[in-house]
Amino acid sequence: MVFMKVLACEVFFREICHCAARSPNLFDFEYLSQGYHDNPLIGVQKIQESLDALEPGRFDAILIGYGLCNNMLNGLRAPADTKLIVPRAHDCITFFLGSRERYSSFFLDNPGTYYYTTGWLEHRERGGERPERKQGAGLGTQMEYDKLATQYGEENAKYLLEVMNGWTANYDRGVFIDFEFSRHLPCKETARQICVDRGWKYEEIEGDLSLFQQWLDGPWPEEDYLVVEGGQRIVPSYEDGVIQIDPVQEGLSTGAPVGGA
């Protein structure tokens, strides 16, 4: 049994808690705002601030509950004395689908698809710090129109919705990722209605908790997780690994030559 810090996006709350209840390990949890995905420079800064505020030596490891997510992890540095465990995930959908392989297969076979989860729907309209919402999360509904109309007038509200919802032109289908343990919640009905409002086809697929569970339990095979030792930084990898240790930093720390001949 080990004691680990979980630092994750709030959209993972239910899935992490469900899997943690079945894990042999002990955890301290911290969840950050979903809104940081919309501004990755602010997001990585907030994650780093949380890491830097931790008591040295308190945890055996720190589990980072983020995918690369628009370079959200770029430059993130592990505390001097504690390693980070980071899934090799392009974005949060990889977590919900259970593996990079399933993620890649489903995305290639289903272009133009927007994905919904219980956590995304629960937190999209919740209060709190939301830097901005590039993808228009929660926009386009009657409720959003009424809010804008009250503040800016009806004509301005129509224009603002058109601009903010321009991103939806890239999608024609919404898929809800379903888990048995959360089926008592009304989230599927919410996702279905959003798709109706946007004129999208609606579908459901079964989620997979395998990646969540192994991330919490260990061990962490190299092909699925990046282990970042104290003081090392994460940078994107443009190969299958998704993320890697900063190769310049590695070269400096090992005395290997850096740069060209």
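User: Where does Asn110 lie?
Analyst: Asn110 lies in the loop between α4 (100-109) and β5 (113-116); helices (H or I, at least four residues) and strands (E, at least two) are DSSP runs, numbered from the N terminus. Please note that this is a predicted model, in which local features need pLDDT of at least 70, side-chain atom pairs count only at pLDDT 80 or more, and totals for chains, interfaces and linings use all residues. Residues are numbered from 1 along each chain as its sequence is written, and side-chain values use heavy atoms, with hydrogens and water left out.

User: Is Asn110 buried or exposed?
Analyst: Asn110 counts as buried, at 16% relative accessibility. Buried means under 20% relative accessible area, exposed over 50%, and partly exposed in between (1.4 Å probe, protein chains only).

User: Which residues is Asn110 in contact with, leaving aside its neighbours within four places in sequence?
Analyst: With those neighbours left aside, Asn110 is in contact with Tyr115 and Arg173, where contact means heavy atoms within 4.5 Å.

User: What about Tyr115: buried or exposed?
Analyst: Tyr115 counts as buried, at 7% relative accessibility.

User: And how are the rings of Phe107 and Tyr115 arranged?
Analyst: The pair is stacked, because the ring centres of Phe107 and Tyr115 are 4.8 Å apart and the planes are at 15°. Rings of Phe, Tyr and Trp (its six-membered ring) pair if their centres lie within 6.5 Å; planes under 30 degrees apart count as stacked, over 60 as edge-to-face and the rest as tilted. Phe107 is partly exposed, with a relative accessible area of 28%.

User: How many aromatic pairs are there by this rule?
Analyst: The count comes to 21 aromatic pairs. One of them is the tilted pair of Phe96 and Phe179, at 6.4 Å centre to centre and 50° between the planes. This pair links distant parts of the chain, 83 residues apart: Phe96 is in helix α3 (residues 92-97), and Phe179 is in the loop between β6 (173-178) and α8 (187-198).

User: Are those two buried or exposed?
Analyst: Phe96 counts as buried at 0% relative accessibility, and Phe179 counts as buried at 4%. One aromatic cluster is formed by Phe12, Phe95, Phe96, Phe179, Phe181, Phe212 and Trp215.

User: Changing topic, in what order do the strands of the open sheet run?
Analyst: The five strands are in the order β2-β1-β3-β4-β8, with mixed pairing; two strands pair if DSSP finds at least two bridges between them.
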